[in-house]
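Subject: Structure for your review

Dear colleague,

Please find below the structure that I am handing over to you. My notes on it follow directly after.

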Amino acid sequence: MSSKRLRTESGNGRGRKRQLTREIAELNPVLLEAKERVSEAWSRGLEYSHELGLQVSTQPFTHCVIPDFIQSQSFLTGLQNDLLQLNFHEKSNDLYKFKQSDDLRRRKGYHISALRKILYEDFRLWLSDIAGVKLESTVDISCAKYEYTDVLLCHDDELEGRRIAFILYLVPEWQGSDGGTLDLYDADDHYQPREIVKSLTPTWNTLVFFEVSPVSHHQVSEVVVEGKCRLSISGWFYGPMLERPPRYIECLSQVPHIACDEEILYEWINPIYMDMSAQANIQEQFEEKSEILLKNFFKKEKFQMVCEAISNPKIKWKRRGPANKRCYDQAEEDGFPDILAKCMKLFYSEAMFLLLSNFTGLKLHFLAASDDDEKDEQEDDLEMSDENEQACSSTEKDEKSDSTLLNGNDSRGGSVLETTEKPMPTDSPQKPGVPVCRGELRRWKNGYYTLIHDTNVENTEFALDLLLNCGCEGWDEEFGGVTSYIAKGEDEELLTLCPEDNALALIYRDKETLKFVKHINQKSINQFNKNNKGCSFWDISFVYYE
């Protein structure tokens, strides 16, 4: 009988009508109520707070937080369910790691279509009045899922036509300690991000928007809690472009080698790498692949001494930024323990420049032989055999030889380096063609990274990268911290270097090859921070230029 009554109740027409009725999604009426005050605050750069939670804040840049953005909770639940059924794609590069849906602009379905209508029509018109900008009807919109170790690092959202960025959160109960906060940076006089001055914790049915500008630097901090999904809908409204200041370009100093006897090599380096036949074999492999990894590079006792000295609390570390380019600790060379000072001296030494020339075939020292020298000798023989043109050929040959040395042609037959003269080394009085380098001792831990950026001076020149890691025994790629090389404009990795103790990595890259260090995530903490007093690992990083 119970079953019969249920059929009767579900069978009446009134019940069917309720099932077919869908609640209409509407904006929070506080938007209209507070519109005038919000517009005034936005245009004059004032703080404003409504009693129902809507806030306009000016620090570090103007942004607005709207709680209870949409009125119907049942609609939001349906929207959340529909979004979670979408196909999500893993997105991962130097800047981010998260899952993203396809573009929602043409996605069918009641809840997504209804939300799109609200954003494209009512909210866009309201926003146009607030910002004093005629926003286009075209809106970018997609859905993102951030889960354990997912992150979006510091950036400003600047892209042609973008005027207003927005994020609508559909998250479970969330705490700031879970990560996934929207972190806002202040900026220096060069429009570069300085530090996080405000963090917004995601809250169900809260929308945040801000104007895209040269100072709108922000990030999504790493999600550090397992079992939670930070679901959001985000995108941009487009309009007339703002005038942008010129991109700030950093000055990175480079220095020539320092005079140092070759005995320093025999004191530090594994004897197997000092053998000339071994060096010839290394050069052959390097010329074929443009990269090589030399394991157990330092003598064992020297490497152990470096590892002990590198954790000395007297070493002064400073954070390297700005956050839209890099985040790691750099050691100040003043006050280095004696063993570290000698170690760094090794990599700056004339002897090391010559040894690297032998390893790679690059012309990093005037005594280093190269394929160009062999070609010149062959040209000499041909010129001497032709007596009728000997004088003319000799003059042409001398000019060509001088030009080749100045231009720093690649030892692999000029297939990588260009033949045009390279620019003067930054902040260096040296003449063009004089080999130079720059180096640093770096400390890496959870949250650290480097990013690819379009003002990177390094990528205007051909270079030899040198990397030697310490304190990373048992490191796993899933922790991040790997050095990746990609072709400009591509996402596919050409080479990935996982940190490995006492292994010297040499990589020769051209102007179209970019590098970055992947964000070190939460997974690294339990295994490494306890052993290394809060640090994941260290490395010695040098870049050499012909």
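Leaving out residues up to four places away in sequence, A144 touches F88, F98, K99, Q100, R230, L231 and S232. Please note before reading further that this is a predicted model. A144 itself belongs to strand β6, which covers residues 139-146. Is A144 buried or exposed? Its relative accessibility is 5%, and because buried means under 20% relative accessible area, A144 counts as buried. A further pair concerns L83: this residue and A144 are separated by 61 residues in sequence, while their C-alpha atoms are 9.3 Å apart in space.

The chain as a whole

The chain has 546 residues, of which 51% count as buried. Its secondary structure consists of 14 helices and 24 strands. Considering contacts between residues at least 6 apart in sequence, 78% of them join residues at least 24 apart.

The nonpolar cores

The largest nonpolar core comprises 51 residues, and F347, M352 and Y544 are the ones with the most contacts inside it. Which helix gives the most to this core? That is helix α10, residues 338-348, with 7 residues. Another core lies apart from it and has 48 residues, including A25, L54, L207 and C229.

M352 deserves a separate entry. When neighbours within four places in sequence are set aside, M352 is in contact with L265, I269, F297, L346, F347 and Y544.

M352 is one of the buried residues of α11; the others are A351, F353, L355, L356, S357, F359 and T360. Helix α11 spans residues 350-360 and is mostly covered, with 8 of its 11 residues buried. Just after this helix, G361 takes a positive phi of about 85 degrees.

How do α10 and α11 pack, and what is the angle? The angle is about 50 degrees, and the axes of the two helices are 5 Å apart. The two helices are therefore oblique to each other. On the α10 side, the residues that meet α11 are L346, F347 and Y348; on the α11 side they are E350, M352 and F353. The residues of this contact divide into 5 nonpolar, no polar and 1 charged.

Helix α9

Helix α9 covers residues 300-310, and its buried residues are K302, F303, V306, A309 and I310. Why can these be said to line one face of the helix? Seen down the axis of α9, the buried residues fall within an arc of 130 degrees, so they line one face. The face turned away from that buried side carries K300 and E308, both of them exposed.

The buried residues of α9 pack against several elements. Among the helices these are α7 (263-268) and α10. The strands are β15 (317-320), β17 (436-444), β19 (463-470) and β24 (537-545).

Backbone details

Two cis peptide bonds may be of interest when you inspect the model. One joins Q59 and P60, with omega about 0 degrees. P60 lies in the loop between β2 (55-57) and β3 (63-66). The other joins G321 and P322, again with omega about 0 degrees. P322 is placed in the loop between β15 and β16 (326-331).

Two aspartates have a positive phi. For D68, a residue other than glycine, phi is near 50 degrees. D68 is found in the loop between β3 and α5 (73-84). D157, which is not a glycine either, has a positive phi of about 70 degrees. The loop that holds D157 runs between β7 (151-155) and β8 (162-169).

Which of these aspartates is buried, and which is partly exposed? D68 is partly exposed, with a relative accessible area of 41%. D157 has a relative accessible area of 9% and is buried.

Yours sincerely

Technical notes
Residues are numbered from 1 along each chain as its sequence is written. This is a predicted model: local features need pLDDT of at least 70, side-chain atom pairs count only at pLDDT 80 or more; totals for chains, interfaces and linings use all residues. Side-chain values use heavy atoms; hydrogens and water are left out. A nonpolar core is a set of buried Ala, Val, Leu, Ile, Met, Phe, Trp, Tyr and Cys residues joined through side-chain atoms within 4.5 Å. Buried means under 20% relative accessible area, exposed over 50%, partly exposed in between (1.4 Å probe, protein chains only). Helices (H or I, at least four residues) and strands (E, at least two) are DSSP runs, numbered from the N terminus. Contact means heavy atoms within 4.5 Å. Axes are lines fitted to C-alpha atoms, for helices over the stretch in contact, and angles run from 0 to 180 degrees between N-to-C directions. Angles under 35 degrees count as roughly parallel, over 145 as roughly antiparallel, 65 to 115 as roughly perpendicular and the rest as oblique. Ala, Val, Leu, Ile, Met, Phe, Trp, Tyr, Cys and Pro count as nonpolar, Asp, Glu, Lys and Arg as charged, and the others, Gly among them, as polar. The arc is that of the directions from the helix axis to the C-beta atoms.
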